[in-house]
Amino acid sequence: MSLDLEMEEIHKIFFEESFEGLDVMESSLLNLDVNADRETIARIFRAAHSIKGGAATFGFMEVSNFTHGVETLLDEMRNGTRPVTPDAIQLLLQSVDGLREMVKAVQAKQPIDAQRIALLADEIAQLLARHPGKAAEPPAVAAPAPAASAAAAPEPVAEGANAAPEFLAGGPGWVIDFQPHRDMLKTNNEPLRMFAELERLGALNVIADASAVPALAELQPDACHLRWRLELAGAIEKRAIEEVFDWVDANCSISYQHYAGTGAAPAAPPVAAAPVAVEAAAAPAAATAVSAPPPEAVAVPAAGAAAAAAPKGASGGGDAGSIRVSTTKVDHLINLVGELVITQSMLSRFADGCSPAELEKLREGLTQLTRNTRELQESVMQIRMLPISFAFNRFPRLVHDLSRKLGKKVELKLSGEGTELDKTVLEKISDPLVHLVRNALDHGLEKPEARVAAGKPETGTIELAAFHEGGNIIIEVKDDGGGLNRAKILKRARERGLVADDAELSDDQIHNLIFAAGFSTADTISDVSGRGVGMDVVRRNIQDLGGVVQISSTEGAGSTIRIRLPLTLAILDGQLVRVGAHTYVISLVAIVETIQAQKDRLNAVPGGAELFRLRDEYIPVVRLYEMFGVEPDSRAIEDGLLVVVEAEGRRFGVLVDDLLAQQQVVIKTLETNYRQVAGVAGATILGDGTVALIVDVPGLVQVFNESFTGGQTLAA
Amino acid sequence: MAGVILAVDDSASMRQMVNFTLKGAGYDVVQAVDGVEALEYARKNSVDLVLTDVNMPRMDGITLVKELRALPAYRYTPMLVLTTESSQDKKMQGKQAGATGWIVKPFNPDQLLATIARVL
Amino acid sequence: MSTNISDKRLEAAEDAGQYLTFQLGREEYAVDILRVQEIKGWERATRIPHAPDYVLGVINLRGAIVPIIELRKRFALESIDFGPTTVVIVVKVASPRGERTVGMVVDAVCEVYNVAHADVKAPPEVGSSVDTAFVKGLATVESKMLILLDIDRLINASILDGIGAAA
């Protein structure tokens, strides 16, 4: 791979890493609120440190510079010189946000929001200035370098007192007295290498002094008893020479004498010719500095960090060997398995035409095949499953920020974070959940004073729970706030013409009115919610996923929103129905019941619509043959079956000729090769290899409204 | 000037960069995500140079150097720690733990190769 | 159909294209061979509601949902019964969304010809049953006139044209 391509790849890894690190920082910072323990602070520090280092290495200087301030703050907290305060945490959280945006911008090769970053950097600088850290080194400043050179900066370079050595031949140069400590060699600091490096700076004359070397019997091979006098010719910067000995500064005694060359007599009196044992100033510094952090125990971090660690790549990641796989590959695999299921089902049907003996063998083989295929399918579907914690993760932060903003006290409880669901469903349920939680916080929960006055604890509770129930995943958003105000909702609904003035509605029906478009009982529109565009979008999004959402509430006590979603988008539990010679599929989730309709219950309504009296309610009737333009067995309602379905909170009766089998079908889209069709949600391939269309039940509502009521919705 | 280099850093992007740079120069590279992994590997195999970051979970770079020096096979193996400009005490801690020297972050590929050439 | 074509075939070169030809009514049409995915026999398709009459429906092609277009209807020719020689040419065309796989019902498949780019002439303004927007050009091979179709355009327009759009 060319250098550029390789660097692009490495940058990609850096970006991913950084986002993961930022997530770790965020969830750890939220935990810090409650208990400021060392391990958590260290973790946050490390994450910031990594980002800073990586950014600098790859040339993303703005990111690196900004992170430096953050890192400094964290370092002070880490070594105890700065207290962990809610304000500091808030600033750090905001910095994480800022960093995230910055990294996104860098990744997309877009300009960063310099103003925002500057503001944050300013605040950090101010905070740092207010409590100067008592660390051994001043924070965020260039290297003090007390240890680097034998002579501290202000000290003048010792001019050689004696006559310049012959080797220098009258030109400028240095005489270096180099005496390693006994243990210098132990760290593989080989003098010969250092001399080789000096030679690169100028001509070198090495004079060894072995006088201190003990007798062979006492000699330890790795103890250095040698010392050298080095004569280096050339106009060389002292700094360059010091660099050569940089690593061994603390393990040796070294002195430098400079000769300016050409007859310049040394002016200053000789500084002690004897080697100055330079115990680096760093040694005491090292003693007082923070001792190396003890090996960090493998603390299992909060869900957020775990989620961040879990998908870590193949290069020796932390957990039980996981790999990243592109979703394209997984989808392809799922297609293949779908094929296998169809083939297996086709074969099963062929078994009907064989001789008894062959038949037995064939049947056995097929049973085995069926079992294998089913297992394979389940395993493959599993690959796309992810725990809902990925969606729940953003809520601690969200609730934290929002409750501060609204001045409410809230405790967030999460349960069932490990419940798994399909990746695409997960991604699409995230925003609706955010809206529901914001709503609960904004409108559901009362302010602390109001709660106390109502005899409730000051701190309200919001619960997010997820669990599996009968092939679906249920997500609940519960709050112990004020609940829905029946009267208010009814009034608002009447005002908007959604409900007739004299209509009688059950509590449930009233509660579910909040999902209607444009509906909001909020007196003021906060920027959080209240604009009334939320709940209906939430419901539509959930329906698009093949799910349903309901709300139940008790005035004064709180509300519970219950979302039911299929575990996966790709597979549907379907009811096959027949209209004439055509087979269609209706999602089982949408079906309430199927009945044999009686003619006398059918009523025509001006405008062309038909209503059927089902017990105590009237439901519109959709004749599927009309919708799809096909020939049915019979047009008489009493000859067919009425499939009662529910969509968008209202019920419909769909007239078909017959019910066929129920089966799981793999959902395929018409849009790849054709296009979207009104009333059709997709297509599937049946066991006999033919294509059947999947009825779009929520879409039926639309089509029905348009064709019969001129776009106006029917009152319930 | 080949040899086996053990590169230890919890940041995958850093490891990649080091890997790419060193491999390009003809070295063999083994990667480890933290001190524990590095130590384990070093015990069972032999490497010619250890290059380690300091801040890592489970076991940091300084401790790693100390542990390695305690192993007979690694008494004299060159070891370099990656530190930042301002971290004087980390450099000293590294030396005290037995490191041969350090490389200052951020570094570019040339600096990395030059420094390694000093010890390998 | 046993004419020896090889004498007339040019080496497949940069200056020529390869085309699959098929029969539709009295005309012979040609499609860029690179667009042809496969040729299969006719099978019943599942009807799609509210589709134009030339869209017969969709079929299952090894797991993919593929629409089938009856080209006769599309070109406003009289429909004929489907017989043993009735074939479906499955093409893969470029579309705004990526790639589309669509099957076209034709009377019969003929041959594969190389046609030099230089030999392709512009279509006349009037005369053919096909909208000239869909015709890339005309070519004469073995004293036959081939109508070279712009298959991308034809297919995309047929699908996206909305209800009831004729050729």
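Predicted model: local features only at pLDDT ≥ 70, side-chain atom pairs only at ≥ 80, totals over all residues.
Figure 1. Among contacts in chain C between residues at least 6 apart in sequence, 56% link residues at least 24 apart. The chain holds 2 helices and 10 strands. Along the sequence of chain C, these elements follow the pattern β-β-β-β-β-α-β-β-β-β-β-α. Buried residues account for 34% of the 167 residues of chain C.

**Figure 2. The five-stranded open sheet of chain C.** The strands of chain C are arranged in the order S3-S6-S7-S5-S4, and their pairing is mixed. Strand S3 (36-41) and strand S4 (55-61) of chain C lie at the edges, each pairing on one side only. On average, neighbouring strands of this sheet are turned by 30° against each other, direction ignored. Helix H2 (residues 151-160) of chain C packs on the sheet, where it touches S5, strand S6 (87-95) and S7 of chain C. The direction of this helix makes about 90° with that of S6(C).

**Figure 3. Pairing of strands S5 and S7 in chain C.** Strand S5 (residues 64-70) and strand S7 (residues 98-106) of chain C run in the parallel sense where they pair, over 3 bridges. Which residue of S7(C) is the bridge partner of C:Ile69? The partner is C:Met104.

**Figure 4. The side of chain A that touches chain C.** In this contact, 24 residues of chain A meet 17 residues of chain C. Four elements of chain A give two or more residues each to this side: helix H10 (327-350), helix H19 (624-628), strand S21 (680-685) and strand S22 (691-695). Sorted by class, the chain A side consists of 13 nonpolar, 8 polar and 3 charged residues.

**Figure 5. Helix H3 of chain A and the residue that follows the helix.** Helix H3 (residues 61-78) of chain A comprises 18 residues. From the first C-alpha to the last, the helix reaches 25 Å, close to the 26 Å expected at 1.5 Å a residue. Of the 18 residues of H3(A), 14 are buried, so the helix is largely enclosed by the rest of the structure. H3(A) is followed by A:Gly80, which has a positive phi, near 80°.

**Figure 6. Surroundings of A:Phe60.** A:Phe60 is located in the loop between helix H2 (38-57) and H3 of chain A. Is A:Phe60 buried or exposed? A:Phe60 counts as buried because it has 23 C-beta neighbours inside 10 Å, and the cut-off for a buried residue is 20 or more. Apart from neighbours within four places in sequence, A:Phe60 is in contact with A:Ala55 and A:Val106. The C-alpha atoms of A:Phe60 and A:Val106 lie 7.8 Å apart in space, while the two residues are 46 residues apart in sequence.

Figure 7. Chain B has 5 helices and 5 strands. Starting from the N terminus, the elements of chain B run β-α-β-α-β-α-β-α-β-α. Of the 120 residues in chain B, 64% are buried. Among contacts in chain B with a separation of 6 or more, 58% involve residues 24 or more positions apart.

Methods: Residues numbered from 1 in each chain as written. Chains lettered and ligands numbered in written order. Contact = placed C-beta atoms within 7 Å. Nonpolar A, V, L, I, M, F, W, Y, C, P; charged D, E, K, R; others polar. Expected span 1.5 Å × (residues − 1). Buried ≥ 20, exposed ≤ 12 C-beta atoms within 10 Å, placed from the backbone. Pairing = 2+ DSSP bridges. Axes fitted to C-alpha atoms, helices over the stretch in contact; angles between N-to-C directions.
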